[in-house]
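Please keep the structure in view while reading.

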Amino acid sequence: MRSFGARKRARVHLLVALCAVSGFPVVSAFSNSAISLTRHGREESATTLNIAEYGRILEAVDEFYTTMPVQSAFLTCALKAHAADAIAQLRSRCGDQVPASSQIVDARIESESTSHSLLSSEFQLPRNVAFLLYGGIYQGVAQHFIYNVLFPQLFPTVAGFEMITVACKVLTDITFFGPLISLPMSFIIKSVVYGSSDPLNDGLKKYQSDILEKDLLFRYW
């Protein structure tokens, strides 16, 4: 009798386990605890698996940023610039009002392209591509070399003079790299995206015009 009872209990436990795995409900007094324990174990296993998967993903991302700083800088800054311009265009299409402090702007510093971009009701893909390329090329790759490679060599950190080192980096950036690299590159990239036959010449002419006629450098500083 005991062997028959043991076999019977084994069959019942097997049936409960199969039903729990397959998702079929088993309504009986002796199987409720077994089902709840089985499902609890499955939930714990799934949670552990998800945590492990997230950990592997984070490790892969960390390895990508560590071993490929240039590629990761380009990808991150390009996507950030793309998203920022997309949000700006979406807000413009939704009719968001410009803050009152930003409305007090001299009319002579508003270009035709800027007015068109603010008033357009359609998504401007070329403008967004220009932001994406500028973000990836300059803000990502170029600034990676400027801030992480060049500046540490030009301005090595000396104990007790950290603030002076930071001030030298900032002044060099806004007086040299900004006017001579950052701003011209934005105009050249825009000329390329908008299909100029001579993007270098057209971009630099537009940059010079905005400096002389629209006080671009003063606004940049």
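Is D215 buried, partly exposed or exposed? The model is a predicted one, in which local features need pLDDT of at least 70 and side-chain atom pairs count only at pLDDT 80 or more, while totals for chains, interfaces and linings use all residues. Residues are numbered from 1 along each chain as its sequence is written, and side-chain values use heavy atoms, with hydrogens and water left out. With a relative accessible area of 30%, D215 is partly exposed; buried stands for under 20%, exposed for over 50% and partly exposed for what lies in between (1.4 Å probe, protein chains only). D215 sits in the loop between α8 and α9 (216–220). Its phi is near 50°, a positive value in a residue other than glycine.

The protein chain as a whole contains 9 helices and 0 strands. Helices (H or I, at least four residues) and strands (E, at least two) are DSSP runs, numbered from the N terminus. Of its 221 residues, 23% count as buried. The accessible surface comes to about 15700 Å², and 66% of that surface belongs to carbon and sulfur atoms; such areas come from the Shrake-Rupley method with a 1.4 Å probe. Contact means heavy atoms within 4.5 Å. Among contacts between residues at least 6 apart in sequence, 62% join residues at least 24 apart.

Two packed helices are described by the angle between their axes and the distance between the axes. Here the axes are lines fitted to C-alpha atoms, for helices over the stretch in contact, and angles run from 0 to 180 degrees between N-to-C directions.

Helix α3 (residues 69–93) holds S72, which is buried at a relative accessible area of 3%. Leaving aside neighbours within four places in sequence, S72 is in contact with F64 and Y65. α3 also packs on α6, at an angle of about 145° and with the axes 7 Å apart. The contact includes A73, F74, C77 and A81 of α3, and F131, G135, G136 and G140 of α6. Its residues divide into 14 nonpolar, 8 polar and 2 charged. In this scheme Ala, Val, Leu, Ile, Met, Phe, Trp, Tyr, Cys and Pro count as nonpolar, Asp, Glu, Lys and Arg as charged, and the others, Gly among them, as polar.

Helix α6 (residues 125–154) meets α7 as well: their axes come within 10 Å and cross at roughly 150°. The two are therefore roughly antiparallel to each other, given that angles under 35 degrees count as roughly parallel, over 145 as roughly antiparallel, 65 to 115 as roughly perpendicular and the rest as oblique. Among the residues that meet are L133, Y134, I137 and Y147 in α6, and F177, I181, M185 and I189 in α7. This contact divides into 16 nonpolar, 3 polar and 3 charged residues.

The axes of α7 (residues 162–193) and α8 (residues 199–214) come within 8 Å and cross at roughly 125°. That angle makes α7 oblique to α8. Residues including P179, L183, F187 and I188 in α7 meet residues including L200, L204 and Y207 in α8. The residues of the α7 and α8 contact divide into 10 nonpolar, 2 polar and 3 charged.
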